[in-house]
Every structure is written in structure tokens, then in C-alpha cells.
Amino acid sequence: LDYAHFCREIVENLGMYAVEESISFFFSRKEQHQIEDMLRQHPEYAEFSDEDFGGLLLDWNDFVSECSTNFEGDLWEYRQGLRLRDMIQFVIEASPPIVGSRISEALQEADERFRQSLTDRRKRLDGPGTDTPPEDHFWRKGIIRNAGVDLRRDLIRQGWYKP
């Protein structure tokens with residue numbers, strides 16, 4: 001084995017991710033399996049148990065980046081991004097403290113960017129007929145400043161804005 005191949009194998013076996021400049025993290029195989037089990041046991045998140053959790057963290061980062069520039073999706077897509085963050089929070093809270101704090105650290109920059117993109121934080125986005133998580137997390141309060149046409153239209157229909 002050459003050195004480069006050896007390094008790639010170590011990274012793959014540890015579940016290590018070298019991702020952009022803003023996010024880097026790793027999970028051992030044991031930690032990855034624990035996260036899969038946590039998600040599998042939660043009725044709302046079981047469908048994501050086979051997903052790579054590192055990929056889900058990256059998806060949150062991508063969602064935040066899109067929200068920071070110009071979110072082109074509709075309200076359903078926006079709520080899916082919030083649901084993703086709910087799921088990540090569930091894993092943080094259900095994980096051993098050392099794993100939860102590593103995940104929280106990896107999210108700090110993206111979470112801060114999302115906080116900065118929120119406006120009108122006095123009310124929650126959860127509308128009638130949606131399952132409102134009992135927690136009052138920051139990502140559920142307010143709406144992003146750079147909402148595209150479809151999201152703004154859906155928010156007007158939901159009574160968030162008055163046209």
C-alpha cells in the first residue's frame with residue numbers, strides 16, 4: 001500500500017470528513033452505529049437512519065448557505081430544512097456528551113449564520129396543522145431575510161406577512 005491509499009483507508013474507516021473550511025468532524029464506526037440506532041428508534045427520523053450523518057450535517061450547512069444568499073424553495077422545502085436541524089438536535093441531545101458537543105461545535109458557524117439571516121423572531125414558523133416541537137429552538141423562530149418568491153408567497157398564504 002502506498003501512503004495516500006493508506007490515509008484514504010483510515011479516513012474511510014473512521015468516518016472522518018474533510019469538508020469545506022467551515023465544517024470538519026469525524027465519527028468512529030461505533031458512534032456512527034449509535035447515531036443510526038437513535039434515528040431508527042425515533043418514529044419521525046427513522047427514514048434517515050441509513051443516511052450518512054455527516055452528510056446530514058453538510059445538508060444543514062448547505063441549507064444555511066442557501067438561506068443566507070437567496071432561498072428559492074417553497075415553504076415545504078424550508079420546513080424540511082428546519083426538520084433536518086430538529087433531527088440533528090435530537091441526535092445531539094441523545095448522544096453521549098462528548099459526541100453531542102463535537103456535533104454542536106461543528107454546527108456553530110452554520111447556526112450563527114442562520115441566526116443572522118432570521119428576521120421577526122417574535123413568532124414561530126409553525127403554522128396551523130403542523131407538528132410543533134415542544135422545544136423553542138432558534139431556527140424555529142422568525143423567517144429568513146432572503147426568502148425567494150415561492151417562500152414569500154407561501155408565507156403570505158399562511159398569514160405570516162400581510163401583502
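## Exercises on a predicted model

S95 sits in the loop between helix 4 and helix 5.

**Exercise 1. Work out whether S95 is buried or exposed, and which residues it touches.**

Step one is the accessibility. S95 has a relative accessibility of 8%. Buried means under 20%, so S95 counts as buried.

Step two is the contacts. Setting aside neighbours within four places in sequence, S95 is in contact with M38 and G100.

Step three compares sequence with space. S95 and E31 are 64 residues apart in sequence, and their C-alpha atoms are 8.8 Å apart.

**Exercise 2. Classify the ring pair of Y45 and F90, and find which parts it ties together.**

Begin with the general idea: two aromatic rings are described by the distance of their centres and the angle of their planes. A search of the whole structure finds eight aromatic pairs. In the pair of Y45 and F90, the centres are 5.6 Å apart and the planes make an angle of 45 degrees. Planes under 30 degrees apart count as stacked and over 60 as edge-to-face, so this pair is tilted.

Now place the two residues. Y45 belongs to the loop between helix 2 and helix 3, while F90 belongs to helix 4, so the pair ties together parts 45 residues apart in sequence. Y45 counts as buried at 6% relative accessibility, whereas F90, at 24%, is partly exposed.

**Exercise 3. Describe how helix 3 and helix 5 meet.**

Start with the axes: those of helix 3 and helix 5 come within 9 Å and cross at roughly 20 degrees. Angles under 35 degrees count as roughly parallel, so helix 3 is roughly parallel to helix 5. The crossing is left-handed.

Finish with the residues. The contact includes W60 and F63 of helix 3, and F114 of helix 5. Ring pairs link W60, F63 and F114 with F71 and Y78 into a cluster.

Key. Residues are numbered from 1 along each chain as its sequence is written. This is a predicted model: local features need pLDDT of at least 70, side-chain atom pairs count only at pLDDT 80 or more; totals for chains, interfaces and linings use all residues. Side-chain values use heavy atoms; hydrogens and water are left out. Rings of Phe, Tyr and Trp (its six-membered ring) pair if their centres lie within 6.5 Å; planes under 30 degrees apart count as stacked, over 60 as edge-to-face and the rest as tilted. Helices (H or I, at least four residues) and strands (E, at least two) are DSSP runs, numbered from the N terminus. Buried means under 20% relative accessible area, exposed over 50%, partly exposed in between (1.4 Å probe, protein chains only). Axes are lines fitted to C-alpha atoms, for helices over the stretch in contact, and angles run from 0 to 180 degrees between N-to-C directions. Angles under 35 degrees count as roughly parallel, over 145 as roughly antiparallel, 65 to 115 as roughly perpendicular and the rest as oblique. A crossing is left-handed if the near helix is turned anticlockwise from the far one by less than a right angle, and right-handed if clockwise. Contact means heavy atoms within 4.5 Å.
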